[in-house]
Amino acid sequence: MKSMTKWAADLMGEAIAYRVSQGHMTRVPKVVWRRCNRRESTGKAQPGKGVIYLNVGSDRTDAKLLLLHELAHIWAPPEEYHSAAFWDLAWELYRWAKLPIRYVKMREGNYLKGALVAYHRSIRKEKT
């Protein structure tokens, strides 16, 4: 197991600062960081323990998406694991980090349809 790379630690620190600036109490999770020999990353969050496990692939955009996805699990209200509140927060973080939305829609849309429903809600929020 390796330490988080500098870019990932910086992204997490900036995400924490962003959430605090929005008036949210923000838990700082422990991150277990592992490199893997594939393009895409995988991960799991344990919100009750405040731990994120990441298997990080070679695609940095994908790794950023995954880190923000797992942070959303830590910070979302403790409802269902992929609740509407979780997806709303995840899309807020993706937009804040300026991730390529087309890629995020493809990656998260392949994962769960609730992600695309939340994407459409996030567009309506931007217009208001």
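Reader: Why is the contact between Arg-107 and Glu-40 called a salt bridge?

Author: This is a predicted model, and in it the side chains of Arg-107 and Glu-40 come to 3.8 Å, N to O. The cut-off is 4 Å between a side-chain nitrogen of Lys or Arg and a carboxyl oxygen of Asp or Glu, so the pair qualifies.

Reader: What makes this pair a tie between parts of the chain?

Author: Arg-107 sits in helix 4 (residues 101-111), while Glu-40 belongs to the loop between strand 1 (30-35) and strand 2 (42-46), so the contact ties together parts 67 residues apart in sequence. Salt bridges with shared partners also join Arg-39, Glu-40, Asp-59, Asp-62 and Arg-107 into one network.

Reader: How do you know whether Arg-107 is buried or exposed?

Author: Its relative accessibility is 17%. Buried means under 20%, so Arg-107 counts as buried. Glu-40, at 33%, falls between 20% and 50%, so Glu-40 is partly exposed.

Reader: Which residue does Arg-39 form a salt bridge with?

Author: Arg-39 pairs with Glu-40, with the closest N and O atoms 3.8 Å apart. That is within 4 Å, so this contact is a salt bridge too.

Reader: Let's turn to the rings. How many aromatic pairs are there?

Author: A search of the whole structure gives 4. One of them is Tyr-18 with Trp-96, at 5.4 Å centre to centre and 25 degrees between the planes. Planes under 30 degrees apart count as stacked, so this pair is stacked. Tyr-18 is in helix 1 and Trp-96 in helix 3 (residues 84-96), 78 residues apart, and the pair links these distant parts of the chain.

Reader: And why is the pair of Phe-86 and Trp-87 called edge-to-face?

Author: The planes of Phe-86 and Trp-87 make 70 degrees, with 4.8 Å centre to centre. Edge-to-face means over 60 degrees, so the name applies. Phe-86 is buried, with a relative accessible area of 1%, and Trp-87 is buried at 1%.

Notes
Residues are numbered from 1 along each chain as its sequence is written. This is a predicted model: local features need pLDDT of at least 70, side-chain atom pairs count only at pLDDT 80 or more; totals for chains, interfaces and linings use all residues. Side-chain values use heavy atoms; hydrogens and water are left out. Buried means under 20% relative accessible area, exposed over 50%, partly exposed in between (1.4 Å probe, protein chains only). Helices (H or I, at least four residues) and strands (E, at least two) are DSSP runs, numbered from the N terminus. Rings of Phe, Tyr and Trp (its six-membered ring) pair if their centres lie within 6.5 Å; planes under 30 degrees apart count as stacked, over 60 as edge-to-face and the rest as tilted.
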